[in-house]
Amino acid sequence: MKLSNPKSDFVLVNGIHLHYLDWGGKGSALIFLTGMGSSAYIYGGFAPLFTDKFHVLALTRRGHGDSDYPETGYDPDTLVEDIRQFMDTLNIEKAVLAGHSLAGVELTHFAATHPERVEKLVYLEALDDRRKERLIMQGHPLRNVQIKREESAPPHTLEEYIANVKRDVPTFAQIWSDVWDKEVSHSVKVNEDGIIVDRMPASIEKMMAENLINEYAPKEVKATIPTLSFYAKRKQKLTDEYTDEQKAAYETFHRDVIEPFFRYMVAEFQGRFPHAKIIVIPDGHHYCFIAQEELVHDEMRKFLLE
């Protein structure tokens with residue numbers, strides 16, 4: 001995945017500075033919103049694919065990446081107001097909003113609050129209602145299974161930090177590229193002991209989980225806004241670190257709980273957005289715009305140009 005060289009800048013909104021990337025392009029504004037823990041740099045390979053038809057930007061929300069880290073404001077109303085003021089500052093009257101993962105909450109909440117500012121919506125594996133998912137996953141048979149790994153020394157370089165991430169999160173390692181190197185470099189800092197750690201404090205992560213995952217009920221979107229939603233059908237690939245009994249328990253849970261719940265999620269979203277086009281990606285990846293870039297790009301482009 002080839003990296004581009006977008007304009008990197010900041011806007012002052014709601015009394016804080018938010019970072020954004022601007023790849024340029026002519027046409028309607030296409031604004032990418034990020035998932036939990038990600039910054040605008042996560043779209044470094046995907047976003048510029050649309051500059052031939054759109055003015056493409058990506059916004060890093062508060063508490064992420066190079067944006068400010070205020071102690072408050074991690075609720076749907078404030079996050080949506082951040083986006084609105086961002087658009088106002090850049091004189092963007094109306095935009096296509098595309099968001100990944102946790103940004104599904106912002107997409108729905110923004111469309112419900114400011115429908116006149118939204119041209120189209122694109123949900124990139126972006127759930128806007130996570131309440132039932134949290135309850136479902138509490139019954140996951142591997143939820144409390146601890147895989148013993150050889151302890152490594154605290155990372156004192158970015159390279160060591162990245163090596164640890166690849167080791168601990170195989171699904172990230174599978175799709176690693178220069179985009180991820182750039183993304184991680186803007187999501188970490190060096191603490192007082194010289195160790196590379198996440199920039200986001202645990203307190204902010206907790207607030208976001210409570211406000212946007214555990215408690216958020218999607219606000220009703222009364223306007224009929226053209227909508228495209230991608231769902232990646234996923235199944236965990238268990239390594240030999242798990243026992244045969246654990247693997248069997250997971251297979252049963254996946255068949256009897258996860259697969260029916262996946263169908264429920266798709267149907268529930270379609271029920272709220274009957275006009276939406278939904279694309280299910282078999283054997284997909286949560287970062288579908290990276291792992292299944294060609295498919296997502298082609299379907300998204302077709303939808304945006306309709």
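The model is predicted, and a search of the whole structure finds two cavities of 30 Å³ or more. The strand considered here is E3, residues 29-33, which is largely enclosed by the rest of the structure because five of its five residues are buried.

**The largest cavity**

- The volume of the largest cavity is about 110 Å³, and its lining is made up of 13 residues.
- Among these lining residues, Asp 129, Tyr 264, Met 265, Glu 268 and Arg 272 are the ones that lie nearest the centre of the cavity.
- Two elements, helix H3 (131-137) and helix H8 (244-272), each give two or more residues to this lining, and H8 gives the most, with six residues.
- When the lining of the largest cavity is divided by residue class, six residues are nonpolar and seven are charged, while no polar residue is found in it.

**The second largest cavity**

- The second largest cavity holds about 60 Å³ of space, and the residues that line it are Leu 18, Leu 33, Thr 34, Leu 59, Arg 61, Leu 79, Asp 82, Ile 83 and Glu 106.
- Helix H1, which covers residues 76-89, gives the most to this lining, with three residues.
- By class, the lining of the second largest cavity has five nonpolar residues, one polar residue and three charged residues.

**Strand E3 and its two faces**

- In a regular strand, the side chains alternate between the two faces of the sheet.
- Both faces of E3 are covered, with Ala 29, Ile 31 and Leu 33 buried on one side and Leu 30 and Phe 32 buried on the other.

**Strand partners of E3**

- E3 pairs with strand E4, residues 55-59, in the parallel sense, and five bridges link the two strands.
- Within this pairing, Leu 33 has Leu 59 of E4 as its bridge partner, and both Leu 33 and Leu 59 are also found in the lining of the second largest cavity.
- E3 also runs parallel to strand E5, residues 95-100, to which it is joined by five bridges.

Definitions and conventions: Residues are numbered from 1 along each chain as its sequence is written. This is a predicted model: local features need pLDDT of at least 70, side-chain atom pairs count only at pLDDT 80 or more; totals for chains, interfaces and linings use all residues. Side-chain values use heavy atoms; hydrogens and water are left out. On a 1 Å grid over the protein atoms alone, a cavity is a set of points where a 1.4 Å probe fits but cannot get out, and a pocket is an open set with protein on both sides within 12 Å along at least five of seven lines; lining residues have an atom within 4 Å of a point. Grid points are joined across faces, edges and corners, and a volume is the space filled by probe spheres set on the points. Helices (H or I, at least four residues) and strands (E, at least two) are DSSP runs, numbered from the N terminus. Ala, Val, Leu, Ile, Met, Phe, Trp, Tyr, Cys and Pro count as nonpolar, Asp, Glu, Lys and Arg as charged, and the others, Gly among them, as polar. Buried means under 20% relative accessible area, exposed over 50%, partly exposed in between (1.4 Å probe, protein chains only). Two strands pair if DSSP finds at least two bridges between them.
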